[in-house]
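Thanks for making the time this morning.

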Amino acid sequence: MPVTMTAAAVEFAAALALLFPASRPAGALLAALLWAGYGAALIAARRRGDGAIDCGCDFGARRTGIGRFTIARAFALACAAVLLCLSPSGDGEIDSQSVFAALAFVALLFAAGALANLPATSRSAAR
């Protein structure tokens, strides 16, 4: 529980830092390190044989456990955060367009997660 609460606090701090262009590089670096850590932890759990656990990566319970999509998503988010870290910071104000773009990205991310958790079509009643 303490590790989970610490990770949530770090996520919140990174998200807050990303709102302001002056602190965006630090927030992006923090987010990149956190997501890379998540990816490494997911790989370690899968190799350890704990691949069937629910990692808490989605809002709903996962039926499939830790799959390739879950691991790839963590590292893709880490790469996106590194790219953001390398981008130039702005004039110090909140960039509302970036906030809405980030919210759209999160919506797409959850949609991709939902699609990845759909049952295989080979076992579908439609076939």
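I will begin with the overall picture and then turn to the first helix.

Please keep in mind throughout that this is a predicted model. The protein has four helices and zero strands, so that, read from the N terminus, the order of elements is α-α-α-α. Of the 127 residues in the protein, 23% are buried, and the accessible surface comes to about 8600 Å², with 70% of that area belonging to carbon and sulfur atoms. If we take the contacts with a separation of 6 or more, 61% of them are between residues 24 or more positions apart.

Now to helix H1, which covers residues 2-19 and, with its 18 residues, reaches 26 Å from its first C-alpha to its last, close to the 26 Å expected at 1.5 Å a residue. Which residues of H1 are buried? They are Ala 7, Ala 14 and Ala 17, and, seen down the axis of H1, these buried residues fall within an arc of 90°, so they line one face of the helix. What they pack against is helix H2, residues 24-48.

On the other side of H1, the exposed residues are Pro 2, Thr 4, Met 5 and Phe 12. Let me stay with Phe 12 for a moment, because its relative accessibility is 57%, and exposed means over 50%. Together with Leu 16 and Phe 20, Phe 12 forms a nonpolar patch on the surface, and the three share about 310 Å² of accessible area.

That is where I will stop, and I am happy to take questions.

Definitions and conventions
Residues numbered from 1 in each chain as written. Predicted model: local features only at pLDDT ≥ 70, side-chain atom pairs only at ≥ 80, totals over all residues. Heavy atoms only, no water. Helix = DSSP H or I, 4+ residues; strand = E, 2+ residues; numbered from the N terminus. Expected span 1.5 Å × (residues − 1). Buried < 20%, exposed > 50% of the residue type's maximum accessible area, 1.4 Å probe, protein only. Arc of directions from axis to C-beta. Contact = heavy atoms within 4.5 Å. Patch = residues over 30% accessible without salt bridge, like charges linked within 9 Å, V, L, I, M, F, W, Y side chains within 5 Å. Areas by Shrake-Rupley, 256 points an atom, 1.4 Å probe, with all protein chains shown as cover. Salt bridge = Lys/Arg side-chain N within 4 Å of Asp/Glu carboxyl O.
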